[in-house]
Amino acid sequence: RVWNSVEYGWEKPTTPVNEWQTSQKEAASFNSKAMNAIFNSVSMEEFKRISNVEIAHTAWNILQIVHEGTKAVKINKLQQLTSKFECIRMSDDESFDEFYAKLNDIVNSAFNLGEIYDQPKIVRKILRSLTEDFRPKVTAITESKDVDSIPVDELVGSLQSYELDLPK
């Protein structure tokens, strides 16, 4: 019910508080709890943006726009992330962990905006994006396993282990 006040909003009754019905008092309480939760989970900068707001739904919408932007901004961010995802490649001077951290940042940022990359897509992206040093391992993986059924964490562990064995 608290989340409902965030999701759908609450309209403050125009009558004095002592004339509110039980359901109106409950709705006000849920809104207050939602506002408290929001206030306790935001930075000071974000708090300043919403400190004068009384309705959780309104505060939530302000925070969504701050973090995601308007629909047009969100779409633009997703397009940029898609482009980054498509273009990212491991460079010769970076470790696998550094590469994977950058890729994972793109995947997580997209997820936060509502775009979900499924496991097979991430696995295939990793295998396509590695340096030549990893070619023998990539070949072994693609020939011995169904790439679409390999969990990302299993692939990452395998590649980290392989990298440790590479000559410096």
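This is a predicted model: local features need pLDDT of at least 70, side-chain atom pairs count only at pLDDT 80 or more; totals for chains, interfaces and linings use all residues.
Rings of Phe, Tyr and Trp (the six-membered ring of the latter) count as an aromatic pair if their centres lie within 6.5 Å, and the pair is stacked with planes under 30 degrees apart, edge-to-face over 60 and tilted for the rest. By this rule, the structure holds eight aromatic pairs. One of them joins Phe96 and Phe99, a tilted pair with 6.3 Å from centre to centre and 50° between the planes. Because they stand three residues apart in helix H6 (residues 96–112), Phe96 and Phe99 are separated by about one helical turn. Both Phe96 and Phe99 are buried, a word kept for residues under 20% relative accessible area, while exposed means over 50% and partly exposed lies in between (1.4 Å probe, protein chains only).

Residues are numbered from 1 along each chain as its sequence is written, and side-chain values use heavy atoms, with hydrogens and water left out. Helices (H or I, at least four residues) and strands (E, at least two) are DSSP runs numbered from the N terminus.

Returning to the rings, Phe134 and Tyr162 also form a tilted aromatic pair, 5.7 Å centre to centre with 50° between the planes. This pair links distant parts of the chain, 28 residues apart: Phe134 lies in the loop between helix H7 (119–129) and helix H8 (135–144), and Tyr162 in helix H9 (residues 152–165). Phe134 is buried, with a relative accessible area of 1%. Phe96, Phe99, Tyr100, Phe134 and Tyr162 form one aromatic cluster.

Of its 29 residues, Phe96, Phe99, Ile126, Leu130, Phe134, Leu155 and Leu159 touch the most other members. At least two residues of this core come from each of helix H5 (71–87), H6, H7, H8 and H9, and H6 gives the most, with seven. A second, separate core has ten residues, among them Met35, Ile38, Val53 and Ala56.

With contact meaning heavy atoms within 4.5 Å, Leu155 touches Val123, Ile126, Leu127, Ile141 and Ile150, not counting residues up to four places away in sequence.

Helix H2 (residues 22–40) can be described in a similar way. Its buried residues are Ala28, Phe30, Asn31, Ala34, Met35 and Ile38. They cover an arc of only 160° around the axis, which puts them on the same side of H2. These buried residues pack against helix H1 (2–8), helix H3 (44–50) and helix H4 (56–68), while the face turned away from them carries the exposed residues Thr22 and Asn40.

Notes: The arc is that of the directions from the helix axis to the C-beta atoms. A nonpolar core is a set of buried Ala, Val, Leu, Ile, Met, Phe, Trp, Tyr and Cys residues joined through side-chain atoms within 4.5 Å.
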